[in-house]
Amino acid sequence: MKNDFVDLRAKAHWVWRETLAIHRRAPETRLASSLSSIDIFVALYYGGVLRFNPADPRDDGRDRCVISKGHGSICMYPILADLGYFPMEELQHVCEAGSFLGGIPDPVIPGYETVNGSLGHGLGVATGMALGLKRKDSDRSVFVVAGDGELHEGANWEAIMFASQHQLDNLHLIVDDNRISMLGYTEDIVSHGELAARLSAFGWDCMEVDGHDVLAVQAALLQQKAHAAGKPKAIIARTLKGHGVPGLENAPLSHIINPKPELIDDLLEKNR
């Protein structure tokens, strides 16, 4: 990736607009979950964190980014197109017959590493990747973006224990901590309590950041990547599901709510 200067805040705003526009054309996409993770993905892909090669998405020299919350990553479509993984024109055909850009992404899309469902498996897959890279003496890192609701799945905690025992300090977990699962607040379903403290107790190096401050997310990622702690690393990014959309932001059922097309049109007009 070129290390040219990118205005991360402007880029995050552009991705927010493009994500709304995609949902306007393809309402079967999951909007709220995608809006909460935009600054995370912008920091990863434009902030000098990830090493990647759009001309060869499977380049051995790449860092791996496992998008575990696949349904909540429609915001990745404009990012990947902008970076040259596929033509921008493809964004006009999301969910259309013959398009490889579906309502729920899969690895047929250039730039996606894995199948992203059922939820709760991404961290385990990423842990295996990190162990494999360690055994090959590779200096490449593995990043996994997971939703906080996914952490209700026990398979994640098996991976968390395994990664700690094997000192996988090339493994980075970023939790999109928007505190809302499919049908309500995580606090009312299975509370995570102090998530950073729990991960620290399992032997992880943890940080908490404002997940909608893209510069803070970038700084945290770069700091952890530069530090060989002998521990796997986690960033708890505090976010809002449905960020920036009235009636959707932080609503308990935002996961399954589609804003009215007129509202999206109004937001796009007012937020140029």
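Let's start where H1 meets H3. On the H1 side, the residues in contact (heavy atoms within 4.5 Å) are Leu8, Lys11, Ala12, Trp14, Val15, Trp16 and Thr19. On the H3 side, they are Ile38, Asp39, Val42 and Tyr46. That contact divides into eight nonpolar, one polar and two charged residues. Here Ala, Val, Leu, Ile, Met, Phe, Trp, Tyr, Cys and Pro count as nonpolar, Asp, Glu, Lys and Arg as charged, and the others, Gly among them, as polar.

A word on the source. This is a predicted model, where local features need pLDDT of at least 70 and side-chain atom pairs count only at pLDDT 80 or more, while totals for chains, interfaces and linings use all residues. Residues are numbered from 1 along each chain as its sequence is written, and side-chain values use heavy atoms, with hydrogens and water left out.

Now the geometry. The axes of H1 (residues 8–25) and H3 come within 9 Å and cross at roughly 125°. Axes are lines fitted to C-alpha atoms, for helices over the stretch in contact, and angles run from 0 to 180 degrees between N-to-C directions.

Next, the core. The largest nonpolar core has 54 residues, and Leu44 and Tyr45 touch the most other members. Such a core is a set of buried Ala, Val, Leu, Ile, Met, Phe, Trp, Tyr and Cys residues joined through side-chain atoms within 4.5 Å. H3 (residues 38–46) gives the most to this core, eight residues.

Finally, Leu44. Leu44 lies in H3. Among the residues Leu44 touches, beyond four places away in sequence, are Cys65, Phe143 and Leu221.

Notes:
Buried < 20%, exposed > 50% of the residue type's maximum accessible area, 1.4 Å probe, protein only. Helix = DSSP H or I, 4+ residues; strand = E, 2+ residues; numbered from the N terminus.
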